[in-house]
Structure formats: C-alpha cells, structure tokens
Amino acid sequence: MTYLITGATGEVGSRVVRQLLERNIRPRGLVRSAEKARSLFGDRVDVCVGDLAAPDSIRGAIQGAGTVFLVNVGPAIPERDKAAAVISKELGVRKIIKLSSLDVEHGLAIGAWHERGEAAIRTTGIPFTFVRPTGFMSNLLAWAHSIRTESIVRSSTADGRRPFIHSEDIASVCLSAILNHEYSREALPITGPESLTFGEVTAIISEAIRRPLSYQVISDQEARERYSRISGSQEETEAHVALWRAIRDGRLAATTDGVERILGRKPIALRQWVSENVRSFLN
C-alpha cells in the first residue's frame, strides 16, 4: 500500500508522516517545497512536488497511491477537494482520508467549505473517512506577537469556550483512519479534553511565561479590521469573524470522546501544548 500524504510539511501532515515513519512505513509526500521536505525527513520519504491548487501538478503523486490523506484550507477547499477526488477516482485510489473540521456540524462558513469538499468526495464513491477536529491549539501562536510586545491577548469571543485540540492528537486519529478500515465512511468529530475561555487560555500562558497578561474583549468590527490585515480575502475574514461570534454565543463549546475512543487515551491538555511552545511567547 502506498500512502500519499498531502500537506506533508504542514502542521498535521508532517506529524502523520513522522508517525508513519515510526512504524517503518515509507510514505509519499505531496509538497510545494522539496527542500523543506528534505530538511524535515531526509531521504526517508518519496517526495512529489505539486500544488492542490493546480490539479495537473498532482497526478504524478496520486498515481499508484492506495490511500490519499487530503489537506486543503481556505475558501477554495470545495474545488480543490473535488479535483483531488476526481483524479483519485480516475487513478484507482482505494481510500481518501480528509482532514475536515468540526465546524461542518455547526453551519459556519469554514464548515461549509469543508462540507462541500466532503460531498465531492462522497460523490466519487471512494471509501472515505472525514476527521473533524475543533480549533487547533497551534492557532494560538497567532497571539505570540501581541503577548511578546504588549502582554495583551485580544479576542471578540468574550467568555465563549472552545475545546482546543493538540495537532499530535489530530495526526494520531488521522493515522488510525489511514491504517485501519473500521472508520470507513465515517466522520470522526474530535476535540481536546476541556472547553476553555480565551481568558482562561491567556491565564495558562501567563502562568507558563511567568508574566502578567491582559485579556481584552474587542468588538466584531475591531476583530474584522485586525484579521483583514493578514487575511487572504474578505470571504476568509468574514468566515473568521462568524467563527468567533459562534464561540462567543456558546455554540462551539462541546467536547467529544472521539480521541479517547479511537486512541484509547485522553486527549493532550492545553497546558502541555503551552509548555511545548512557551518559547514562542517569550521575548
């Protein structure tokens, strides 16, 4: 079986690759930078250079693969998922594992992108598993600059809660779906172990860096203006503002037992992630 890992140098994809290597499985990695892939994995991975945004560039990577791990982001998710799925069907892929989002279950814009991508995969008839994580702990690194320079965290989520999940847990669940058939044609909703307010997360980081931090609640408009400075599009900006509003309204606070059920252990706690990344928040 040849396993194609797209996004093989990314936050989750690189961890899936590493976990396969730990099991003495040599995967194939679809990447945009062969140099970055070699720096991470040496010659232990079959590197294919391509971009999911350019379907013709991924045919060679998919050719001969039995399982495809599919990672797409942003408003173009539906089109890119569809293109990869159609090519996979044409080339005889037997299983697609899609890194989706728990937001699919809450009617949010980001979830809608993934929902349409999931639908495109279902249409091909290829057996699938959709891994649906909640918000990544790694996304909290977006706070690093304001913490280092101002000792402030700003958010429009107010006292809303989010059960952030560690990328290692996401990768481990994805790996289980890649290597096993028991989750075929299932969606797997996964979260971290506890639902925290952004103020509580700020306090955990403050304790870890041994410096007082201030948590400031901002308006949707200020959140919109701030995110638009780094956003790729207005659509992406509005999707994130809607996400933060949903958190504030308490719609995304629920935890699931997915990680424990699939991996046989508790999910990794936020405090561990903070301890692993504490340097990012220090001057």
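User: What makes α7 count as mostly covered?

Analyst: Buried means under 20% relative accessible area, exposed means over 50%, and partly exposed is in between, using a 1.4 Å probe and protein chains only. By that cut-off, 12 of the 13 residues of α7 are buried. Among them are S167, I170, V173, C174 and I178. One background note: this is a predicted model, where local features need pLDDT of at least 70, side-chain atom pairs count only at pLDDT 80 or more, and totals for chains, interfaces and linings use all residues. Residues are numbered from 1 along each chain as its sequence is written, and side-chain values use heavy atoms, with hydrogens and water left out.

User: Which residues of α4 are buried, and what covers them?

Analyst: The buried ones are I77, P78, D81, A83, A84, A85, I87 and S88. Their cover includes α3 (59–62), β4 (67–70), β5 (95–99) and α5 (109–124). Just after α4, G92 takes a positive phi of about 85 degrees.

User: Why is T67 called buried?

Analyst: T67 has a relative accessible area of 2%, so it falls under the 20% cut-off. This residue is found in strand β4. Contact means heavy atoms within 4.5 Å, and, leaving aside neighbours within four places in sequence, T67 is in contact with M1, T2, Y3, L4, V93, K95, I97 and I178.

User: Why is α8 called oblique to α12?

Analyst: Axes are lines fitted to C-alpha atoms, for helices over the stretch in contact, and angles run from 0 to 180 degrees between N-to-C directions. Helix α8 (residues 198–209) and helix α12 (residues 270–277) pack at about 45 degrees, with their axes 10 Å apart. That makes the pair oblique, because angles under 35 degrees count as roughly parallel, over 145 as roughly antiparallel, 65 to 115 as roughly perpendicular and the rest as oblique.

User: Which residues make that contact?

Analyst: From α8 come V201, I204, I205, E207 and A208, and from α12 come L270, R271 and V274.

User: What about L270: buried or exposed?

Analyst: Buried, since L270 has a relative accessible area of 3%. Not counting residues up to four places away in sequence, L270 touches M137, L140, L196, V201 and I204. L270 and Q216 are 54 residues apart in sequence and 20 Å apart in space, C-alpha to C-alpha.

User: What makes R185 partly exposed?

Analyst: Its relative accessibility is 48%, so R185 sits between the 20% and 50% cut-offs. R185 lies in the loop between α7 and β9 (186–190). It has a positive phi of about 60 degrees although it is not a glycine. Most residues other than glycine have a negative phi. S151, in the loop between α6 (144–150) and β7 (152–155), also has a positive phi, near 60 degrees.

Note on methods. Helices (H or I, at least four residues) and strands (E, at least two) are DSSP runs, numbered from the N terminus.
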